[in-house]
Structure formats: structure tokens, C-alpha cells
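Here is a short note to read alongside the structure. Take your time with each point, and keep the picture open as you go.

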Amino acid sequence: MKRHLLSSADLSRADALQVLDTAEELRTLANRPIKKLPTLRGRTVVNLFFEDSTRTRISFEAAAKRLSADVINFSAKGSSVSKGESLKDTALTLEAMGADAVVIRHGSSGAPHRLATSGWVRSSVVNAGDGTHEHPTQALLDAFTLRRHLGDLDGRRVTIVGDVLHSRVARSNAWLLSTLGADVTLVAPPTLLPVGVENWPVQSSYDLDSALDKCDAVMMLRVQRERMNAAFFPSAREYSRRYGLDGRRFARLPEHAIVMHPGPMNRGMEIAADVADSARSVIVEQVTNGVAVRMAVLYLLLSGQPGESERDVAPTTRESELSGLAGAAR
Amino acid sequence: MGPSAPRSESHQRQLSASPVVVLDAADIQRALTRIAHEILERNRGSDDVVLLGIPTRGVALARRVAAIMGGVEGTDVPFGSIDITMYRDDLRMRPARTLEPTEVPARGIDDAIVVLVDDVLFSGRTVRAALDALGDIGRPRAVQLATLVDRGHRELPIRADFVGKNLPTSLVERVEVNLLEYDERDAVFIASAATAGASPASPASPAEGAIR
Amino acid sequence: MTSYRITGARLLGADPTDLLLTDGRLADLDDAPTDAVTVDADGLVALPGLVDLHTHLREPGREDSETVATGSRAAAAGGFTAVHAMANTDPVADTAGVVEQVLNLGLAAGYCDVRPVGAVTVGLGGTRLAELGAMADSAAQVRMFSDDGKCVSDAVLMRRALEYVKAFDGVIAQHAQEPRLTEDAQMNEGTMSGVLGMQGWPAVAEEAIIARDILLTAHVGSRLHVCHVSTAGSVELIRWAKGKGWNVTAEVTPHHLLLTDDLVATYDPIYKVNPPLRTSGDVEALRAGLADGTIDCVATDHAPHPTEDKECEWGAAAMGMLGLETALSVVQQAMVDTGLLDWADVADRMSVRPAQIGRLGGHGQPLEPGAPANLVLVDPAATRTIDPRDSASLSRNTPYAGRELPGRVVATFLRGRATVLDGKLQ
């Protein structure tokens with residue numbers, strides 16, 4: 001694997017399987033009395049969170065600590081960043097403190113990429129969510145969860161429902177699941193599907209009911225009610241009526257199909273409360289799996305020659321493929 | 001363990017153009033049988049004995065020895081595997097390695113006599129890592145070490161309790177172990193660096209040349 | 001003033017000839033004074049001094065990124081003898097006082113003629129007309145008015161502005177961007193923006209305003225100039241308007257003739273600009289439009305920004321690229337070396353027509369005896385690798401850093417005075 005994890009589009013099938021297989025072994029750690037491995041002892045992992053996210057930050061923190069790394073948490077609120085310090089100066093400070101890995105969550109798409117390619121830091125950069133662009137470790141833990149329940153993902157049908165336009169989880173999952181051979185269908189109202197989605201390696205549909213009949217897994221994305229103020233949909237009521245996973249739709253799912261959600265959920269909006277709590281919902285398991293997957297990512301990124309500078313060259317394979325298509329269609 | 005004639009034998013091997021087989025299938029079988037009996041003798045039976053093989057080939061050896069022991073005692077001797085990748089002392093120096101499974105038998109290792117099983121004992125660093133890994137899983141009553149081949153050149157104060165064959169080697173030589181479970185045959189052979197088929201980091205013989 | 005005898009220059013790319021610059025004008029070679037300096041222009045192309053209809057000189061208010069002095073030096077280095085300085089300064093150039101200040105700063109610097117552009121609305125607020133007449137009557141003699149940076153989006157206000165400037169032969173230069181369709185937009189809306197998860201700037205937000213403005217212009221019988229046209233659809237609309245005989249002119253930036261939106265995948269804000277870089281289909285349509293004259297001229301939209309506004313994450317970065325010093329090279333690469341324009345056409349698009357649109361006497365004139373000596377000598381055979389540190393601008397935000405571009409400005413003359421000689425600013 002390369003030095004950074006910026007986007008799931010960067011992962012080859014072999015890379016992705018290596019992460020999942022490694023996570024499979026690391027998951028057993030949770031059952032041991034001593035939930036610790038010495039692997040990253042003496043390494044420093046910095047959580048650089050410009051956006052609030054207790055859940056993801058804690059997951060990365062647990063992952064790093066279970067590998068015996070030292071963890072430094074940096075959150076934007078109340079810090080020098082909120083007083084106007086730039087990303088660059090923050091990065092230089094972390095570099096001066098000797099960070100080996102920086103886990104960054106930022107509101108601006110491409111911020112982790114800037115950090116990785118700018119030359120400000122020599123550490124590995126892990127994208128914990130950048131704007132509406134990508135959230136690669138979420139996609140990895142989703143794929144890991146799917147694999148545990150469905151086995152090999154080749155040919156498996158996964159339906160992703162919700163605000164795809166603004167969802168970094170949807171993008172990361174679309175690239176990763178298709179790399180792993182799954183058939184992905186994105187379902188959303190037309191206002192919430194990105195321009196050019198017909199060029200993505202997935203299907204898309206405006207109709208949820210027909211997409212649920214034959215799927216092996218359905219992943220519900222969080223939809224913010226405030227989007228109705230920007231006219232993406234007329235009302236929360238209409239959204240959940242047309243695109244929510246309610247009891248009626250849940251009953252129509254194939255028996256083996258699992259229900260997923262990256263969290264946090266809007267119970268009653270995109271997913272009914274009893275569906276979220278049903279036996280076929282793996283939402284809580286996704287969280288557990290998140291720690292193992294993030295341990296695998298940190299281990300795979302931080303092994304290898306330290307201090308060797310390896311510039312990631314942009315654009316990524318997937319993005320340059322698509323821009324080739326973009327040239328033709330607009 | 002008297003001195004063999006190390007220098008001239010290994011010197012001769014180095015001059016040889018092709019790998020030299022030092023143990024064939026029958027030799028390996030006899031060695032494992034002897035090791036199985038030695039374990040039983042030393043521990044006065046198989047009660048509380050758990051065999052844990054160090055991946056990759058240590059696992060197959062552990063399974064075979066457990067089967068032989070079980071045949072003698074008329075019981076099932078628990079065996080499993082213990083992956084030491086996360087405990088290596090050279091992680092920063094090499095690209096990340098895929099993890100192998102760690103499967104500890106249901107009775108666990110607390111208060112057990114754990115016999116670590118590996119194919120080649122060389123620097124001793126693998127075994128050091130295995131001891132650390134064991135410590136995080138439980139607290140055995142005792143830990144013993146069985147190895148098919150001991151090729152010398154220890155870098156740590158580690159010694160095997162049960163040895164299939166002592167094989168003095170020079171540092172430029174490579175010891176390769178083939179087992180039917182993974183390869184086409186059972187054999188142990190020695191190649192000089194020039195004739196060795198695989199690169200040092202290949203999974204063909206992970207303990208060999210991996211943690212030097 | 002020094003006289004110059006220029007020998008062996010290819011006038012507008014034609015056969016080599018000799019020129020005499022004396023007393024600020026071109027003259028017959030026989031009238032050469034004895035102390036005239038000879039400039040060997042063997043292999044060089046002579047063009048009328050370039051005229052930029054769209055430059056941001058940042059002064060007053062943002063002197064950390066550029067001043068009138070540094071900007072006009074960059075202009076001269078790029079072969080320009082006149083630039084139109086956009087009004088989005090601080091304070092905004094919406095009164096006679098500010099435009100006269102900018103005019104005087106340009107005169108004091110003396111590297112090119114600085115023609116201030118007046119704002120259309122007070123403070124660029126888009127609600128009240130600025131005192132366009134006062135600016136027109138001032139020493140700055142403003143003829144071009146623009147809220148560039150912002151769009152005059154209110155249809156009634158745009159109508160009134162178009163009508164009002166008829167009184168003094170003014171032109172409204174519109175930055176066409178429907179604000180509601182482009183809130184927080186970061187890049188072209190297309191497949192790339194969908195993949196990168198960036199807020200898109202759809203082509204229709206430019207085209208819808210252009211269509212409306214063309215119809216308003218026809219309806220009230222005025223003049224419209226469309227700034228930095230960036231989409232294929234916009235080119236078609238302008239072609240249609242001209243076909244109808246309506247008084248619509250248009251400009252395109254050098255970067256929109258060369259760069260596309262897949263560069264945004266680098267997340268390097270050096271490529272962040274408004275209007276955004278678009279697709280290769282748009283680039284082709286813009287080149288064709290410039291070639292057939294639908295697009296009248298090239299205008300740089302030179303937009304300096306301090307380093308900290310570009311050395312950050314994309315969302316936080318400022319929009320804009322430098323352009324004055326690389327414009328001619330980029331046009332050569334995109335249009336001349338591809339056979340779409342010859343050097344006579346370049347003179348037309350980068351000097352003659354912009355001077356006409358801006359009602360700028362003395363520039364863009366045919367290069368014959370008696371004409372003002374506003375001239376640039378270019379070496380089309382040279383190549384140079386662009387190094388931002390070489391720039392005369394105060395800022396460094398050029399998108400061509402490290403790129404090899406053809407052509408080099410060897411000399412620039414402003415009314416017979418050399419502002420650039422031997423490739424160096426004087």
C-alpha cells in the first residue's frame with residue numbers, strides 16, 4: 001500500500017483485500033484480555049479533526065492505542081485554527097512534534113490531499129472524511145461488514161440510498177465496492193444525484209422499491225432535513241415516504257439482506273426506528289468493525305521505510321478515467 | 001551435540017551449483033516422530049500440553065506432531081497457530097506483511113504447557129516475538145520450543161528444547177523447508193545465496209532470512 | 001526622447017521590414033535622426049501594443065497582492081501598452097475620485113496606459129447605479145463599466161445601466177454568473193465535480209445571464225461586452241446575437257483557451273478561478289469562437305493573490321490567476337501554433353478590437369507612419385519555462401509554473417518610449 005490513504009478510488013483490489021484480511025485477524029483482539037499489540041509502539045498518531053466527530057475520532061484513537069501508538073488529539077474548536085491559523089501552519093506544527101501519521105477530517109474536499117502532497121509533513125496522511133469527497137475508512141469498514149455477512153463480494157448487489165450528492169460515504173463506497181466486484185445501485189431523488197453519475201461504475205435509480213427487491217444489502221445514508229430549505233426535496237415527510245426504509249419496505253427485503261447505516265441516524269427520516277434496531281441491522285457491528293479496519297490501515301501505512309518521501313501523483317486513476325469520460329459528455 | 005565438520009561441509013555446499021537436500025521426506029518423518037516422543041517424555045504425557053505452530057510451516061509441523069502424540073497417548077492433543085507479525089522487531093524496516101491466522105485452541109493457554117513449533121530456528125527473533133505474543137494471550141505454566149532445524153547463528157539467548165536436526169550453516173547459505181501441505185514435497189535443503197530460488201522476503205520460508 | 005530604428009521586423013508576421021520610432025510616432029525611415037538607436041529585430045514579429053480589456057490592479061486597497069505600478073510593469077513585460085483596470089478595488093471605483101486616482105497612479109508609473117473601468121453599481125452592491133456619468137466626464141474618461149467579480153443580476157438594473165450609458169457611448173461589461181445557481185461554487189459543474197465532491201458552477205449560470213443580457217441590449221439598442229466567456233453554449237449565444245446584428249462583443253481569457261477542469265483533481269488552488277476551468281469541449285468551442293471572430297478579443301483577467309490565499313485547502317482559497325506576462329505565449333500555443341490564427345489575427349484580437357471596444361484612441365492602430373508608436377516585438381521561436389519568481393507582479397499565482405511556453409516579448413514601446421528592451425523591463 002502507498003504512504004497515504006486519501007481516497008478509496010486509490011485502492012486496487014489487492015490493496016483493499018489486504019486491508020480487509022488484516023482487519024479480520026485484528027478483530028479477534030477484541031476478545032482477548034489484553035487488547036493491545038506492540039506494533040506501533042513509539043509511533044505518534046495525530047487526530048487532526050477540523051470537523052466535529054466524536055465517533056470517528058474515538059474509533060481512530062482506539063485503533064491507534066490498541067497498536068500501542070501514542071495518540072494526540074487536535075480538534076479545531078478552541079484551538080489556534082479557530083483563531084485563523086492556516087492548515088499549513090497547523091501541519092508544520094505537527095511535523096515539528098514528530099507525528100508519524102496524521103488522521104485528518106476537514107470540511108473542505110481535498111484538504112487531506114493538500115496535506116499529503118504539499119511537502120509540509122512527512123507523515124502518512126489518512127483521510128477521515130473531507131468535505132463531500134471521500135471517507136475511505138468508512139467504505140473499508142462497510143465492505144468488511146458486508147463480507148462477514150455475505151462472503152465474497154463479487155456479484156453481490158448493494159443498494160445505497162440517500163443524499164448521494166453530498167455524501168462522501170456514498171462516493172467512497174461506490175468506488176470500493178465496485179473495485180471488489182459488487183453491483184452497486186445508488187438510489188436518490190434526481191436533485192440528490194451528482195451530475196455525471198451515469199459515468200460512475202454503478203447503476204442509479206430514482207425508485208427505491210424496485211431497487212430493494214433483489215439486493216443483498218441496503219445502506220441508508222443520513223439525510224439532513226435542512227436540505228429541504230435549499231429545495232432538494234419539498235418536505236421531510238415526502239422524503240421519508242419516497243426514500244425512507246420503513247417497516248413495509250423492510251418486509252420486502254430478501255431474507256438474507258442486511259441493513260447498514262454509517263451513522264449518525266435520523267430515526268424516522270431515512271430509516272424507521274424499528275428497522276434500525278432489527279436483527280438484520282448491522283449498524284452497531286459496523287462501529288466495532290471500524291476499530292479493526294482502522295487498526296489495519298494504520299499498521300499497513302506505518303510499516304515500511306520511515307522518512308522516505310513518496311509523492312502521491314494526482315489525479316488518481318479513477319478520477320482521471322472519469323475526466324476522460326467527462327471530456328466527452330458534459 | 002558434538003561439533004560436526006562445519007566449515008568444510010558448508011564450504012563444499014557453497015561450491016555446489018544446486019541446492020543440497022539435507023533431509024528427505026523419510027528423515028523428516030523420523031525427526032517429527034522423535035520430537036513427539038521427546039515432548040511426551042519431557043512432560044510425562046500430554047496433559048495440559050498445547051502445540052502452537054508459528055506460521056507458515058510451523059503450523060503444519062504442529063499439526064503433524066500433535067497427531068503423532070495423540071496416536072501414542074490415545075487422546076486428542078490440542079494444537080493451533082500463533083502469528084507473530086505484529087510483534088516483530090523489524091516492522092519499520094520492511095513493507096507491511098500480511099497477517100497470518102492466530103488460532104488458539106478452546107482451552108486457551110492459561111496454565112498450559114505451550115510448545116511453540118517452528119520449522120527453522122535461526123537468529124531467535126521469531127521466537128522472542130512469539131513469547132511476547134503468548135504473553136498477551138494468557139499465562140502459560142511453561143513454554144517449550146520445538147524446531148525441525150536449528151541452523152545456529154543465534155542473536156538472542158534462545159535455545160530449542162526439541163530439535164529435529166542440527167544443521168551448522170554459514171550466513172550466506174539459505175535453509176529452505178518444503179512441506180506437502182504447502183509445497184510439492186517434504187524436504188529440507190540448503191542453497192547458497194546464488195542458487196536460492198526465492199528472495200529473502202518471500203513467504204517460501206518466512207522465518208528464514210526474514211527476521212535476521 | 002530616444003528614437004529607434006527597428007530593422008528586419010516581420011510586421012504582423014509578414015515579410016521583414018524596417019520601422020522608425022521617433023517623437024512618439026512611427027515615421028518614414030528617411031526621417032531617422034542620426035542618434036537613433038538600432039534594434040535588430042531579425043526573426044521577430046512586430047505587433048501593435050497589446051490592449052487588455054480586463055485586468056485587476058488591486059490598488060487602492062489590496063496593495064499586498066499588486067499595485068498599479070507593479071501591475072503595469074507586468075503588463076509591459078507581457079507586451080501590453082494599455083490595460084483596463086477593473087473596479088473591484090477597496091474602495092470600489094464607483095466615483096470620479098477613485099477612477100481619477102487610478103488614472104494618476106498609472107500615469108506616474110508610466111509603463112502602460114491604465115484606463116480605469118467604472119463600477120456599474122455603488123459598492124458593487126447590485127442595487128443602485130453608480131454615478132456613471134461623472135466617471136465618464138472625469139479625467140479618466142471612463143467608457144467601460146463593470147461590476148466584475150460580481151454579476152449585475154437584477155434584470156431591471158441591467159436594463160437601466162444599458163440604457164444609461166448610451167448617453168456617452170459607454171459599454172457595460174458583464175461578469176455573467178447567476179448568483180443563486182452558483183452559491184459556494186468551487187469548480188465547473190460536471191462529471192469531475194461529481195466525483196470530487198465539490199460544489200459545481202454550472203454552464204447554464206453563465207449562459208442564462210448572457211442570453212438575457214443579449215436580448216436586453218437588443219431591446220434598448222445599447223452595447224454589451226461579455227467578460228471571460230467560458231462555455232461552448234455562451235459562444236453559440238454570442239454567435240447568434242452577432243448574426244442578428246446586435247451590438248454584442250465578447251472576450252476570452254488565455255487560461256480558458258488552454259486549461260481544463262481535470263486539473264482540479266490535484267486540489268491545487270492555483271487552478272481555482274472564476275469562471276472556472278471547464279471541459280475540453282468548451283476549450284475547443286472557445287478556440288473556434290476566437291478564430292472566427294465570434295469572440296472579439298483575448299483579455300487576461302489578470303488576478304493577483306497573495307501566497308497565503310493560494311497555499312491552503314481548495315475551499316478556503318481565493319479565485320484567480322495571473323495572466324499579463326504569459327498571455328501572448330498562451331495565445332501563441334493555443335491559437336497560432338495550432339494554425340487557428342495568424343499573427344495578423346493576433347494583432348486584431350489582442351490590440352485592434354480591444355482598443356475599439358474600450359474606445360481607446362491611440363492604441364490598436366495600423367502600424368504606419370504617423371501612428372502612435374505603441375508596439376511590441378515578439379520572438380515566436382523562443383521558448384521559456386515559466387518560473388513564478390521571475391514575475392514583475394507582486395504575486396506568484398500563475399498556473400503555468402514549470403510549463404514550457406512558446407514565444408518571448410523582446411521589446412515593448414509605449415508612444416515611442418521603450419518599456420521593455422532586450423526582454424528586460426526598463
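This is a predicted model: local features need pLDDT of at least 70, side-chain atom pairs count only at pLDDT 80 or more; totals for chains, interfaces and linings use all residues.

1. Which residues bring α1(A) and α5(A) together? From α1(A) come Leu17(A), Val19(A), Leu20(A), Asp21(A), Ala23(A), Glu24(A) and Arg27(A). They meet Leu140(A), Ala143(A), Phe144(A), Arg147(A) and Arg148(A) of α5(A). Sorted by class, the contact of α1(A) with α5(A) has seven nonpolar and five charged residues, and no polar ones.

2. Now turn to chain B, where helix α2 (residues 25-42) and helix α3 (residues 57-73) have axes that come within 9 Å. Those axes cross at roughly 60°, so α2(B) is described as oblique to α3(B). Here, too, you can look for the handedness: the crossing of α2(B) and α3(B) is right-handed.

3. On the α2(B) side, the contact is made by Ile28(B), Gln29(B), Leu32(B), Thr33(B), Ala36(B), His37(B), Ile39(B) and Leu40(B). On the α3(B) side you will find Leu61(B), Arg64(B), Val65(B), Ile68(B), Met69(B), Val72(B) and Glu73(B). The contact of α2(B) with α3(B) divides into 10 nonpolar, three polar and two charged residues.

4. Next, step back to see chain A beside chain C. Their contact takes 27 residues from chain A and 31 residues from chain C. About 2,200 Å² is buried between chain A and chain C, and carbon and sulfur atoms give 57% of that area.

5. How many salt bridges are there between chain A and chain C? The count is two. A salt bridge you can look up joins the side chains of Arg114(A) and Asp268(C), with 3.9 Å from N to O.

6. Finally, compare chain B with its neighbour, chain A. In this contact, 18 residues of chain B touch 21 residues of chain A. The area buried between chain B and chain A is about 1,700 Å², with 56% given by carbon and sulfur atoms. As for salt bridges between chain B and chain A, the count is zero.

How values were computed:
Residues are numbered from 1 along each chain as its sequence is written. Chains are lettered from A and ligands numbered from 1 in the order in which they are written. Side-chain values use heavy atoms; hydrogens and water are left out. Contact means heavy atoms within 4.5 Å. Helices (H or I, at least four residues) and strands (E, at least two) are DSSP runs, numbered from the N terminus. Ala, Val, Leu, Ile, Met, Phe, Trp, Tyr, Cys and Pro count as nonpolar, Asp, Glu, Lys and Arg as charged, and the others, Gly among them, as polar. Buried area is the accessible area (1.4 Å probe) that two parts lose on being put together, summed over both. A salt bridge is a side-chain nitrogen of Lys or Arg within 4 Å of a carboxyl oxygen of Asp or Glu. Axes are lines fitted to C-alpha atoms, for helices over the stretch in contact, and angles run from 0 to 180 degrees between N-to-C directions. Angles under 35 degrees count as roughly parallel, over 145 as roughly antiparallel, 65 to 115 as roughly perpendicular and the rest as oblique. A crossing is left-handed if the near helix is turned anticlockwise from the far one by less than a right angle, and right-handed if clockwise.
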